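Student: Please show me the structure, and then take me through its side-chain contacts.

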Amino acid sequence: MNQQTPSNETGRIVVVGSLNADLTIYTERLPQPGETLHGEGFTVNPGGKSANQAVAAGLLGGAVSLVGAVGQDSNGDMLLASCSAAGVDVTQVNRVAGVETGVAVVTVDAHGENSIVISAGANGTLRPSDVAAAQAAFDGPSVVCLCLEVGLDTVQAAAQAGHDAGATVLLNLSPYAPVAAELASLADVLLVNAHEASQFLGGEEIPAPDAPTSDWEPVLEHFAARGLDRAVVTLGANGSVVLDGMAGSEGRVVRIAPTKVDAIDTTGAGDAFTGALAARLAAGDSLYTAAAFASVSAALAATKKGTQAAYPDEAGVNAVLGNRQ
């Protein structure tokens, strides 16, 4: 399928959700249960899925507002500074007294794979009432970007606010949790990896990475039966698949080839994909074109340590895309 030229006109993006300080230690391999290993470096960096997605979109030229919560501590200061530096509007991020900023304890091995444990902290204070209080942010956005790192009632309130505003609601089912049919019905685009797709579809088998495109048609139909006409399924190092029941016959199922890189740290690559997808959808790209752009952004993010500091700008992504043409 021919890729469209990305649009230069950008609508606003609202990201609702989490901000975490990432406490990351690098080691040769991930420890086994009960095992202690020597690390090879430790960092404290800005993270959290929603903050990462907002920064990724901002660095790619998106006009982004972030709705969330941090503590009145140094980690909160760090997160707000990082988001602001990427051009993200953080006026709707609450500073909560008496609660620490959320943290993620991350271990990264020599191949860039990771394991993560999160403590919600101030993220756990974000309520539907905070979404209502951020009404100004929902005045005419193009895309509302959501994940599941805050309470599902808050996610649903934000999805409803985005739907009511006429925005494209992009729902990333990560970290995975079962979602009510009402929330799923508010999503215009679902973003999942293969495992999350299978869980969402009740254990439905997801085609192997080398399966023919035709094998994905039943998956598209299963999503449609759940009220979702458009989805993107990421396959890690094997690229991704765009499922678009609203496209013509040639665009219903489209494979996106992976961008080959030497991965150093994959911790925030999924969030880089989500933020880039939101940015390009807000710019008016088709789902396929937006996902192809996002695939490159995520690959480039894995070539450096950390999350937000590793995210590429628009010129970096376009340089890779240009070399393919």
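Tutor: We start with a term: buried means under 20% relative accessible area, exposed means over 50%, and partly exposed lies in between, with a 1.4 Å probe and protein chains only. This is a predicted model, in which local features need pLDDT of at least 70 and side-chain atom pairs count only at pLDDT 80 or more, while totals for chains, interfaces and linings use all residues. Residues are numbered from 1 along each chain as its sequence is written, and side-chain values use heavy atoms, with hydrogens and water left out.

Student: Is Lys-49 buried or exposed?

Tutor: The cut-off for buried is under 20% relative accessible area. Lys-49 has a relative accessible area of 13%, so Lys-49 is buried.

Student: Which residue forms a salt bridge with Lys-49?

Tutor: A salt bridge needs a side-chain nitrogen of Lys or Arg within 4 Å of a carboxyl oxygen of Asp or Glu. Here the closest N and O atoms are 2.7 Å apart, and the partner of Lys-49 is Asp-271.

Student: How many residues apart are Asp-271 and Lys-49?

Tutor: Helices are DSSP runs of H or I with at least four residues, strands are runs of E with at least two, and both are numbered from the N terminus. Asp-271 belongs to helix α8 (residues 269-282) and Lys-49 to helix α1 (residues 49-59). The pair links distant parts of the chain, and the separation is 222 residues.

Student: What is the angle between the planes of Phe-200 and Phe-223?

Tutor: Rings of Phe, Tyr and Trp (its six-membered ring) pair if their centres lie within 6.5 Å; planes under 30 degrees apart count as stacked, over 60 as edge-to-face and the rest as tilted. The structure holds 1 aromatic pair. Phe-200 and Phe-223 form this stacked pair, 6.0 Å centre to centre, and the angle is 20°.

Student: The charged end of which residue sits over the ring of Phe-200?

Tutor: A charge sits over a ring if NZ of Lys or CZ of Arg is within 6 Å of the ring centre and within 35 degrees of the ring normal. For Phe-200, the charged end is 4.1 Å from the ring centre and belongs to Arg-226.
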